[in-house]
Amino acid sequence: VNDGGTDEWTYGDQPRIGNGADMLQLTSYKITSANGAVGNPWFNTFPWINLCNAIVEFAPDISMSENAKKVILGEARFIRALNYMILVHQFGGVPLDLGSGVLKFNQKPFTGFNRENPTQLLVDNYQSIIDDLMFASQNLPVQRPATAFKLSQAAAKHLLAKAYLHRGYSSAAQGSDFQNAYT
């Protein structure tokens, strides 16, 4: 559902139970301000990003094995990158500062909107996504346990390649994006 309105997703003519009309608007690009399907990605992703910011910020001080910390940090950075990709696909450049600084955990209510130059913001978004996924691809386990649904390096590398492809087709493109996606 989070890819609605992009080239990765089509709804066809079969509305889903619930917000079917909202989803159909996404595929026709005739979106009204009352469309709940547009607000859901915005309001649902930032709490996850903030939680991941907290894990990244505070996990290094937790008493546990360094290997366990690397895996937890890899998972948090993967999830943060995934949520930022959802936002960037839907809205373009979005804030990296939730009120306490760039990629910092925000503990206090914040009603402002930290918006840089839109072109630079998109560059910063993609760089943050790629940095997080590079970290995750190096720190997650090579294979996930057979008995648990956990992230692995393959998942991080897959999303990293996708991030390079998406950036390569955006205004934030870098000359090496397609080669990096292939690699």
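Is K69 buried or exposed? Let's start there, friends: K69 is buried, with a relative accessible area of 9%. Buried here means under 20% relative accessible area, exposed means over 50%, and partly exposed is in between, using a 1.4 Å probe and protein chains only.

A quick word on what we are looking at. This is a predicted model, in which local features need pLDDT of at least 70 and side-chain atom pairs count only at pLDDT 80 or more, while totals for chains, interfaces and linings use all residues. Residues are numbered from 1 along each chain as its sequence is written, and side-chain values use heavy atoms, with hydrogens and water left out.

Now the overall picture. The chain has 6 helices and 0 strands; these are DSSP runs numbered from the N terminus, with helices being H or I of at least four residues and strands E of at least two. Of the 183 residues, 39% are buried. Take the contacts (heavy atoms within 4.5 Å) between residues at least 6 apart in sequence: 56% of them join residues at least 24 apart.

Back to K69, which sits in helix α3, residues 66-91. That helix has 26 residues and reaches 37 Å from its first C-alpha to its last, close to the 38 Å expected at 1.5 Å a residue. The expected span is 1.5 Å times one less than the number of residues. Just after α3, G92 takes a positive phi of about 85 degrees.

What does the side chain of K69 find around it? Leaving out residues up to four places away in sequence, K69 touches A59, P60, I62 and M64. A polar atom of its side chain lies 2.8 Å from the backbone oxygen of P60, and the backbone oxygen of I62 is 2.9 Å from a polar atom of that side chain.

K69 also has a charged partner. E66 and K69 form a salt bridge, with the closest N and O atoms 3.5 Å apart. By salt bridge I mean a side-chain nitrogen of Lys or Arg within 4 Å of a carboxyl oxygen of Asp or Glu. The two are separated by about one helical turn, because they are 3 residues apart in helix α3. An α-helix has 3.6 residues a turn, so residues three or four places apart point the same way. E66 is exposed, at 53% relative accessible area, whereas K69 is buried.

First, R80 and D132 meet at 2.7 Å, N to O. R80 lies in α3 and D132 in α4 (residues 118-139), so this pair ties together parts 52 residues apart in sequence. Both R80 and D132 are buried.

Next, R167 pairs with D177, the closest N and O atoms being 2.6 Å apart. R167 is in α5 (residues 153-168) and D177 in α6 (residues 177-182), so this bridge ties together parts 10 residues apart in sequence. R167 is buried at 3% relative accessible area, and D177 is buried at 0%. Salt bridges that share partners also join R77, R80 and D132 into one network.

L51, in helix α2 (residues 36-58), counts as partly exposed at 43% relative accessibility.

How values were computed: Polar contact = N/O pair within 3.5 Å; in protein donor to acceptor, adjacent residues only side chain to side chain.
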